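Please consult the sequence and the structure while reading.

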Amino acid sequence: MAAPRDIFTAVELRPGTAGDVQQLWPQGLRATVPFTASLMRTDLHPDGERDVLVWGRFPHGDAPLVWMQDGEVVCGFKFERWERVIREERYRPEHTCPLAARLPFHYHRVPGPLRSALAGAILTVRGRAAGSAHPATPLNPGCALLLRVVRGAPGAPSVVVLTHDCDTAQGVAAAQELAAVEEEHGWHSIWNVVPGEYDVDHIMLERLRAAGHEIGQHGLTHNMGEAFLPREALRDALLEHEKFRRRHGVRGYRGPGWYRTHAMFDVLGEFFDYDMTCLDNDFICPGGSGGVGEVRPYALRGGLMELPCTLPFEAPLVHGGVRPAALAAWWWPKVEALGRLGGHVVVNTHPDPHYSGRAEVRAAYAELLSRLSAAGWTARLPGELLPQEQDA
């Protein structure tokens, strides 16, 4: 965790006049990043305001964060340390085991619509109580913007990655309806299954793989406690599903409820090539706000690649009262920001009956894919984004 003296707060970014940074700035979106005063460097200063690329708005006034000097990008803060803090989310308290994992029965016994309503209430309370450090609004491009300015343009093109979490057996049963929407565009997706919660429909999964889709693992039993198991207990539990993973070529994992801990990531690298449990801006985990800031894959630890979710498609239904028919348009400013910053549009849906299993939400998903296709985006599977040596 961050040292006690490192109190992180949200610092708003604004563009300077140097370079082409103003063209990168997402119009109409407020950009903030978690920051602490101890990250600032006192030994570096720009030659003049005309050289500044990015300013930070602090209580005492604006200060230059990034500028050009002799044709090079210079940071007025400890960039590598900030990047590590953001990636590991060490600016916020680590998630703690939720009540759902401690109930005497599986929380899925509560009807889906009621679960959604309860989740919305929890998120509202959490959002009001959250500290000011979190870049946790759905459309906040702050961290991605700062990373893009410092690092420069990414070498590989931006893509769409379609992911689905099948929380229940009904979600697996409905997979083909969503898959058909994707296949109309020649696109494929990953279907994350919970092998310890329900009887897996192996025929359905084999059918999806034969059509070009991937299969992933979505926790153990989806009781929200997976991330909080002791390391050895998590290893033992994952070993029990080795046969499932071998049968369906599983290489990726996403934890239920977006709960994540450092201990969980330590173990996942022993079983998977990539993880999808993080978000660039996490405004939806009941455990608290956060986000890794990244909008492209990055190496997490132990050879594990992290693929952050940048577009949790159904979340505004719960955390904002957005109507299904308005979802695609609601998310479009984020899509445009990701395109401008070189980020990936990593979409998450749930084909279960109370989410994208509903006809109106499925229609909104179809609209999103049509918009993406018309705008020139192309889709890739998570496994196709792995480094060549890892993918061999």
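Phenylalanine 77 counts as buried because its relative accessibility is 2%; buried means under 20% relative accessible area, exposed over 50% and partly exposed in between, with a 1.4 Å probe and protein chains only. Phenylalanine 79 is buried as well. Tryptophan 82, with a relative accessible area of 0%, is also buried.

The model is predicted, so local features need pLDDT of at least 70 and side-chain atom pairs count only at pLDDT 80 or more, while totals for chains, interfaces and linings use all residues. Residues are numbered from 1 along each chain as its sequence is written, and side-chain values use heavy atoms, with hydrogens and water left out.

A search of the whole structure finds ten aromatic pairs. Rings of Phe, Tyr and Trp (its six-membered ring) pair if their centres lie within 6.5 Å; planes under 30 degrees apart count as stacked, over 60 as edge-to-face and the rest as tilted. Two of the pairs involve phenylalanine 77.

| Pair | Centres apart | Angle of planes | Type |
|---|---|---|---|
| Phenylalanine 77 and phenylalanine 79 | 6.2 Å | 70° | edge-to-face |
| Phenylalanine 77 and tryptophan 82 | 6.0 Å | 85° | edge-to-face |

Elsewhere, the charged end of arginine 371 sits over the ring of tryptophan 332, 5.5 Å from its centre (CZ of Arg or NZ of Lys within 6 Å of the ring centre and within 35 degrees of the ring normal).

The average pLDDT of the chain, the predictor's confidence in each residue from 0 to 100, is 89, and 89% of the residues score at least 70.
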